[in-house]
Structure formats: structure tokens, C-alpha cells
Amino acid sequence: MLLARIDAPDTPPGARGVSLFLVPNVLPDGRKNDVEVVSLNKKMGHRALPNCAWTLGQSTGGAVGYLVGEPHQGLQAMFLMMNAMRIEVGLSAAAVGKRGLNESLLYAEQREQGGKRIVEYTDVKRMLLLQKAYTEGGFALAMHAATLHQRKSDGDAEAGASLDAIVEIVKSWPSEFCLEANKWAIQVLGGAGYVRDYPVEQLYRDNRLNMIHEGTAGIHALTLLGRKAPRGAAAPLLASVLEAGAAAEAEAERLVAGGAAAEGTAVLREGAQALRRAAGRAEQVTAFLTRPIRASGASGDGPDAAVALSHAHDYLGLMGHTLVAATWVRLATAAAPRHAAAGGVDGFYAGKLQTALFFLRHELTKTEAMAALMLSADATVHDMRSDWF
């Protein structure tokens, strides 16, 4: 499938005149279409999924393409497909990151150093916790987005608005932080991590491509802050964060009323409080940065639009960490009653609660510094000149 312009007098100028076409390799009558692969790209990862450079119309002067949808609606049709593909990229990034966790955990459980398995050392636990927090949080976020996508396809407008608010994060956050997870998987293995005897170096190479697939993080950040947030897209996102906190608090009260142990309820209450603070920070930052963008000019009590947009990647990170924190609180809310029912001895549910606590204390707290930087209207990146590099 490709985007092209119809050569006709009524074709609108610019992107408004782009249409979507299906260009097959073999035509319905069995003839070869004038499509030729020029070369295969020699990629660092995803080598089992080749991509290529190709040409159209080099032999006969023109390839045959079939219009998909309405004329001049190509971008709109493409974006409908892109939402699903962006969710798939986020899901893929989380899955590859999780495979790295599994491989490094297996190694850490078997490798002995200093008279004990290295999984018992606190620094190795830290690296495994980072992987677990990033990959399982990213996976749960992508599955939530896939559910919203299905509900949107079924005609649920509210689900569609919720998906539209988070799709850039669903693609970009797992792509960045589950790659970080693969980095820590290599580190757990030490000198064995960067050799091909173990699969973690390949997993890193494979996952590195996901930061680029279906739009780079920088482009998604500009879309989120420059186009969607000024139109109110942050509101449903932050509402879902607060809903996650309220559900956790309600579940904690229910567990206490039932005589459950304090361990799970403490995590839920801490999570609810942390989400309220995080949502407040994100709301404040959103209002501060979008005010000049909406005005498309300078604002007396904030940065101008160009300076605000120079913080687009920072904003994407802030919103991503906030959303994944809410995802972990939801996971903890589901795990807490099961943990209590098992008498507190089920390692699976205990691990969920402990990882949720880790993300709240070690990762979500980073949004405080992110918010302070953006609220300072810092112009360091904006003011950097291209000839200073």
C-alpha cells in the first residue's frame, strides 16, 4: 500500500490531495506488475522480517495501483491502520523486553559468584526489577490499548477518545523503556551478555528498531503536545489515572473490612496517593505548556510556543510514566485480593505488588524533576544553535 496523488484538476494541493492505493506484485490477470525490488536493507535487528528498497514503473513506465477508500482521503485511511500498528509495535517492544527478563533471570538463578547465586545480590535484583517494571507495565498498557481499539471498532466513542489520548504513549513508551530493559538484561549476564552464545544481545538489536517503527518518539511527542494536548486530549488520560487510584483505594477499604493483611492494602493506598499527586503535576504541566501553543505566540506567564514544543519529548516521558504508574496500580489492585486469599505466600502476586511499589517509588518520582524542568520554561534546547555542534 502506498500514498500518492491522483493526477486530476480537482485534486486538492498538499496533504489534502493524497490518496491511498494498493499496488500488488502480481495483477489479477496473472501479469507481473511493474514493481521491482532494488535491494534488501541490511538491518541491525529484525532480520527475519526483511524490508527493501523498491521502484515503480521502471520497465513499462507505470505500475498499476487500486484506489483504497475515497479519493483524497489517503492520510485518514492510513491513520486508521496506523493506530493498530502502533499498538502492535508497543506490544512487540514489551514482549521482546520480557524475553530479555526471562533470559537474564534464568542466568541469574543459575550463575554463582561469591558462594551464592547472583540473583541474591541487591544490584542484580535492581536490574531485574527494572526489567519487570518496564516490560510488564508496558505489556499491560498495550493490552489495555488493544481493548480500547476493539471497543472503538465496535462503535464506542468514549473508548475511541481514550485511545486517541494514549496511542502515542502506547507506541513510544514501551519502545524506549523496554529497550532499556534489554540493556539491563545484557548487564545481568555481564561478559556473557554481549556475545552470541546467549540471545540477549540479539534481543537488544531487535528491540532497537521499535523506537523508529511507525513513527519516531520525537514525532509522536510533537503530535501529543503540539496537536492533541491543546485540544484537551490529556483530560481522558488523567481521568483514567485518577480512576485507577480511586479503584485501588476502594479495594484497600474492602480488604481491610474483610480482615485482610496490611501488606497489599498499604501498596494500594500508597499507589492511590501517588497517582493523585502525579495527575496533578501532569495537569499543571499540560496547562502551562499548551497555553502558548493554543495562542500560537508568546504568553506573559509561560514559555512561547517554540520553547514549549522543545519540551515535547520531556512531556511524552512525563505522561508515559504517569500512565504506566496507573497501569501498575491497576495490576496491584487485581493482585492484592488474590495475594490475601493465598495467605500472602503466592510469589506471583507478591511480585506484582512489590514491582508496583518499585515503580511508584523509583520511577514515578522521576516525574517530579521532569515537571519542574518544564514548568521553569527552560529554553536550553531551543536556544542551541545548529552551528554550535
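**Figure 1. Packing of helix H2 against helix H10 in the predicted model.** In this predicted model, helix H2 (residues 122-153) and H10 pack at an angle of about 95 degrees. Angles of 65 to 115 degrees count as roughly perpendicular, and H2 and H10 are therefore roughly perpendicular to each other. Their axes are 10 Å apart. On the H2 side, the contact is made by Leu-129, Leu-130, Lys-132, Ala-133, Tyr-134 and Glu-136. H10 contributes Gly-351, Lys-352, Thr-355, Phe-358, Phe-359 and Glu-363. Sorted by class, the residues of this contact are six nonpolar, two polar and four charged.

**Figure 2. Helix H9 alongside helix H10.** The axes of H9 (residues 312-341) and H10 (residues 347-363) come within 8 Å and cross at roughly 150 degrees. Angles over 145 degrees count as roughly antiparallel, so H9 is roughly antiparallel to H10. The crossing of H9 past H10 is left-handed. From H9, the contact involves His-321, Val-324, Ala-325, Trp-328, Val-329, Ala-332, Ala-335, Ala-336, Arg-338 and His-339. From H10, the residues are Tyr-349, Ala-350, Lys-352, Leu-353, Thr-355, Ala-356, Phe-359, Leu-360 and Glu-363. The contact of H9 with H10 has 13 nonpolar, three polar and three charged residues.

**Figure 3. Surroundings of His-339.** His-339 is part of helix H9 and is one of the H9 residues in contact with H10. The relative accessibility of His-339 is 4%, so this residue counts as buried. Leaving out residues up to four places away in sequence, His-339 touches Glu-263, Gly-344, Val-345, Asp-346, Tyr-349, Ala-350 and Leu-353. Among these partners, Tyr-349, Ala-350 and Leu-353 also belong to the H10 side of the contact between H9 and H10.

**Figure 4. Helix H5 across helix H9.** The axes of H5 (residues 217-228) and H9 come within 8 Å and cross at roughly 80 degrees. Ala-217, Ala-221, Leu-222, Leu-224 and Leu-225 of H5 meet Ala-312, His-313, Tyr-315 and Leu-316 of H9. By class, the contact of H5 with H9 has eight nonpolar residues, one polar residue and no charged residues.

**Figure 5. Cys-52 in strand E4.** Cys-52 is placed in strand E4 (residues 52-56). With a relative accessibility of 31%, Cys-52 counts as partly exposed. Apart from neighbours within four places in sequence, the contacts of Cys-52 are Val-37, Ser-39, Leu-40 and Asn-41. Gly-74 is 22 residues from Cys-52 in sequence, and the C-alpha to C-alpha separation of the two is 23 Å.

Figure 6. Most residues other than glycine have a negative phi. His-46, which is not a glycine, has a positive phi of about 55 degrees. The position of His-46 is in the loop between strand E3 (35-40) and E4. The relative accessibility of His-46 is 15%, and therefore this residue counts as buried. Ala-377 is not a glycine either, and has a positive phi of about 60 degrees. The loop that holds Ala-377 runs between helix H11 (366-375) and helix H12 (380-383). With a relative accessible area of 26%, Ala-377 is partly exposed.

**Figure 7. Arg-196 in the loop between helices H3 and H4.** Arg-196 sits in the loop that links helix H3 (157-189) and helix H4 (200-208). The relative accessible area of Arg-196 is 65%, so this residue is exposed. Not counting residues up to four places away in sequence, Arg-196 touches Arg-47 and Glu-201.

**Figure 8. The chain as a whole, for orientation.** The chain has 12 helices and seven strands. Its C-alpha trace spans about 75 × 60 × 50 Å along the principal axes. Of the 389 residues in the chain, 44% are buried. The chain exposes about 19,500 Å², and carbon and sulfur atoms supply 57% of this area. Among contacts in the chain with a separation of 6 or more, 71% are between residues 24 or more positions apart.

Terms used
Residues numbered from 1 in each chain as written. Predicted model: local features only at pLDDT ≥ 70, side-chain atom pairs only at ≥ 80, totals over all residues. Heavy atoms only, no water. Axes fitted to C-alpha atoms, helices over the stretch in contact; angles between N-to-C directions. Helix = DSSP H or I, 4+ residues; strand = E, 2+ residues; numbered from the N terminus. Parallel < 35°, antiparallel > 145°, perpendicular 65-115°, else oblique. Left-handed = near helix turned anticlockwise from the far one by under 90°. Contact = heavy atoms within 4.5 Å. Nonpolar A, V, L, I, M, F, W, Y, C, P; charged D, E, K, R; others polar. Buried < 20%, exposed > 50% of the residue type's maximum accessible area, 1.4 Å probe, protein only. Areas by Shrake-Rupley, 256 points an atom, 1.4 Å probe, with all protein chains shown as cover.
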